[in-house]
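Work through the following exercises with the sequence and the three-dimensional view side by side, and try each task before reading its solution.

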Amino acid sequence: APAPAPAAAVVVEKKRVEEIFRSRENELAATVASHERRLAAAQALVAAYKTQLAEAESRADAARAECAQKDITIRSLTERLTVVQTVKPVDTTALAEAEHQRLQ
């Protein structure tokens, strides 16, 4: 039969190893929790950036639509001016000088 001293040493060693294991398990759990918090924060940041991007894209779409409308207006006015000049030629230089005098 084995002596009681070695059996006691095995029990003590087993408890020591179990304590090391629990300690390491706790450290890993804390690390995982920390990484999960960082991941959640990063995901929130990504969501915020996606919202900002969608808003910026919406503003860009509105600006493009406004530019397209202004382009249509400019073309329409140019066509009307062409018709007016065909009916009665307009001296645009004289008009510009008159406008300049009016503004002064």
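**Exercise 1.** Find the partner with which Arg22 forms a salt bridge, and describe where the pair lies.

*Solution.* Arg22 forms a salt bridge with Glu19, and the closest N and O atoms are 3.2 Å apart; a salt bridge here is a side-chain nitrogen of Lys or Arg within 4 Å of a carboxyl oxygen of Asp or Glu. Both residues belong to helix α1 (residues 4–87), 3 residues apart, which is about one turn of the helix. Helices are DSSP runs of H or I with at least four residues, numbered from the N terminus. Arg22 is partly exposed, with a relative accessible area of 41%, and Glu19 is partly exposed at 45%, where partly exposed lies between buried (under 20% relative accessible area) and exposed (over 50%), using a 1.4 Å probe and protein chains only.

The model is predicted, so local features need pLDDT of at least 70 and side-chain atom pairs count only at pLDDT 80 or more, while totals for chains, interfaces and linings use all residues. Residues are numbered from 1 along each chain as its sequence is written, and side-chain values use heavy atoms, with hydrogens and water left out.

**Exercise 2.** Determine how many residues separate Lys70 and Glu66 in helix α1.

*Solution.* Lys70 and Glu66 are 4 residues apart in helix α1, about one turn of the helix. Their side chains meet in a salt bridge of 3.1 Å, N to O.

**Exercise 3.** State how many salt bridges the structure holds.

*Solution.* The structure holds 6 salt bridges, including the one between Arg24 and Glu27, whose closest N and O atoms are 3.1 Å apart.

Methods: Helices (H or I, at least four residues) and strands (E, at least two) are DSSP runs, numbered from the N terminus.
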